Every structure is written in structure tokens, then in C-alpha cells.
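Welcome, and please take a moment with the structure shown below.

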Amino acid sequence: DSVTLSPIDVANPIVGALDPALLGAIQDAARKAAAENIDIQINSGWRSRGFQERLYDDAVRAYGSPDIARQFVASADTSKHVEGKAVDIAPVEADKWLIANGQQFGLCQIYANEIWHFELAVDDQGRCPPLKPNAAG
């Protein structure tokens, strides 16, 4: 039942409240991907603190402990989504395209267990950092 949004749909705060640099990068990547028949969609971008807290609390209940929950959902204090500095991308074909091509836009997969989560994270040489095992680091 998840909603996906075009990176161009800035009227929706999930997209429109993203950090401007990240928004520009994901829009540029989406245009390049579209030329290769890959449709990049955002299924989660900016999140309010309250929404992030609910996601985290739900994960604690589902996994039975904060330590396990943190591997899958960041707290509102640490989530890059709350800062507008992370996007979750769909469908899987778009995730794979961004993993292969995102560096040229500054976009990097951050967590080994989340192929859909991207942030602006390239270093001065345009390289993505080593993957963290999960959201807990």
C-alpha cells in the first residue's frame, strides 16, 4: 500500500522538503535513468520527526528490542530522512540503476541491508563510502 512519487512532484513535502542539493541530484538522476527506460520513484523522502518516531516505535515492537530495531529504522534524532537528506527509491530496477550510476550524481547507497536508501555521500574523488552493515552503523 506504499505510495511512490516522482522526484519532480515537489508539491508533496515528501519530495519538496528534501534538501535542495539532494533534490537536484535525484531529479538529475531520474532524467538520465528515464532515457534508459528506468523509472525512478521516491517511496520515502523527507519525514516529520513524529512520523520517524512512529516508524521507530513500530520497529521496536516488531523486533522486540531497540538494538535490533535500530538496524532497520533510525531514531528521529539520527534519521537523515528527518533532515531531508535521504531518499528511499523504488522499484528494484531503479535501486539497481542508482547503485550502478548514482555516484555521478553524488548519490550513494549507504546501508548493505537497504538497497533503496540513498544519500549525497561521495568524497572529493567522487567515490561512495564503504557500505555500513545496517542503519545501526
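Arg54, Arg61 and Ala62 are exposed on one side of helix 3, while the buried residues of that helix are Gln52, Tyr56 and Ala59. Please keep in mind that this is a predicted model.

**Helix 3 and its surroundings**

- Seen down the axis of helix 3, the buried residues fall within an arc of 60 degrees, so they line one face of the helix.
- What do the buried residues of helix 3 pack against? Their packing partner is helix 4, which covers residues 66-69.
- Helix 3 has 15 residues, which at 1.5 Å a residue should span 21 Å; the C-alpha atoms at its ends are 21 Å apart, so the two values agree.
- Just after helix 3 you will find glycine 64, which takes a positive phi of about 85 degrees.

- Four strands make up an open sheet with antiparallel pairing, and their order is 1-2-4-3.
- Which strands form the edges? They are strand 1 (41-44) and strand 3, each of which pairs on one side only.
- On average, neighbouring strands of this sheet are turned by 50 degrees against each other, direction ignored.
- Helix 2 (residues 20-34) packs on the sheet and touches strand 1, strand 2, strand 3 and strand 4. The direction of helix 2 makes about 85 degrees with that of strand 3.
- Helix 5 (residues 92-101) also packs on the sheet, where it touches strand 2, strand 3 and strand 4. Its direction makes about 120 degrees with that of strand 2.

**How strand 4 is paired**

- Strand 4 (residues 117-120) runs antiparallel to strand 2 (residues 87-90), and two bridges join them.
- To find this pairing by eye, look for aspartate 88, which stands opposite histidine 117 in strand 4.
- Strand 3 (residues 107-109) is antiparallel to strand 4 as well, and three bridges join these two strands.
- Which residue of strand 4 is the bridge partner of glutamine 109? That partner is phenylalanine 118.

**A closer look at serine 44**

- Serine 44 belongs to strand 1.
- Is serine 44 buried or exposed? With a relative accessible area of 11%, serine 44 is buried, because anything under 20% counts as buried.
- Leaving aside neighbours within four places in sequence, serine 44 is in contact with Ile14, His81, Ala86, Val87 and Asp88.
- Leucine 5 lies 39 residues from serine 44 along the chain, and the C-alpha atoms of the two are separated by 8.4 Å.

**Salt bridges**

- How many salt bridges does the structure hold? There are eight, and a few of them are described here.
- Arginine 70 and aspartate 67 form a salt bridge, with their closest N and O atoms 2.4 Å apart. Arginine 70 counts as partly exposed at 34% relative accessibility, whereas aspartate 67, at 53%, counts as exposed.
- Salt bridges that share partners also join Arg49, Glu53 and Asp77 into one network.
- Glutamate 36 and lysine 32 bring their side chains together in a salt bridge at 3.5 Å, N to O. Glutamate 36 counts as partly exposed at 40% relative accessibility, and lysine 32 is partly exposed with a relative accessible area of 37%.

Conventions:
Residues are numbered from 1 along each chain as its sequence is written. This is a predicted model: local features need pLDDT of at least 70, side-chain atom pairs count only at pLDDT 80 or more; totals for chains, interfaces and linings use all residues. Side-chain values use heavy atoms; hydrogens and water are left out. Two strands pair if DSSP finds at least two bridges between them. A salt bridge is a side-chain nitrogen of Lys or Arg within 4 Å of a carboxyl oxygen of Asp or Glu. Buried means under 20% relative accessible area, exposed over 50%, partly exposed in between (1.4 Å probe, protein chains only). Axes are lines fitted to C-alpha atoms, for helices over the stretch in contact, and angles run from 0 to 180 degrees between N-to-C directions. Contact means heavy atoms within 4.5 Å. The expected span of a helix is 1.5 Å times one less than its number of residues. The arc is that of the directions from the helix axis to the C-beta atoms.
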